[in-house]
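Welcome! Here is a short briefing to read alongside the structure, starting with the whole chain and then turning to a couple of residues.

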Amino acid sequence: MKTSAKGSAADASKQDDPSQRYMSPAETLVMETGENPLPWTAAEQKMFEQALRTYPAGTAERWDKIAGCLPTRSKKDCMSRFKELAEIIKAKKAAAAAAAAKKK
């Protein structure tokens, strides 16, 4: 009985240890595979946009720093998201230009 009581106390102290950070399933997935296949959340998108403003083009190790701001996303995820958004913006600009040209 003493060993089970000690085991319980040890388990409880591990759970109470503030230095032990809980990792979400998404963070675990990024750590294990280097990618997060889940759709981007609005909160992740907002953090991503802020990180892009904080670390503009030309910043040394930019994508590592940006990924460091998003614990649920890897460097590869961030780079892919940036390319995806750039293509969406490019397509919207092309559609707007085509619509403007059609009106003339």
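From the N terminus on, the elements of this protein run α-α-α-α-α. Keep in mind that the model is predicted. In total, the secondary structure comes to 5 helices and 0 strands.

**The whole protein**
- The protein has 104 residues, and 21% of them count as buried.

- You can find E27 in helix α2, which covers residues 25-33.
- E27 counts as buried because its relative accessibility is 7%, and buried means under 20%.
- A polar atom of the E27 side chain lies 2.8 Å from the backbone nitrogen of S24.
- Not counting residues up to four places away in sequence, E27 touches R21, Y22, P71 and T72.

- N36 sits in the loop between α2 and α3, the latter being residues 42-54.
- Is N36 buried or exposed? With a relative accessible area of 5%, N36 is buried.
- The side chain of N36 has a polar atom 3.0 Å from the backbone nitrogen of L38.
- Leaving aside neighbours within four places in sequence, N36 is in contact with A26, L29, V30, E44, T72, R73 and D77.

**Putting the two together**
- T72 is one of the residues that E27 touches, and T72 is also among the contacts of N36.

Notes:
Residues numbered from 1 in each chain as written. Predicted model: local features only at pLDDT ≥ 70, side-chain atom pairs only at ≥ 80, totals over all residues. Heavy atoms only, no water. Helix = DSSP H or I, 4+ residues; strand = E, 2+ residues; numbered from the N terminus. Buried < 20%, exposed > 50% of the residue type's maximum accessible area, 1.4 Å probe, protein only. Polar contact = N/O pair within 3.5 Å; in protein donor to acceptor, adjacent residues only side chain to side chain. Contact = heavy atoms within 4.5 Å.
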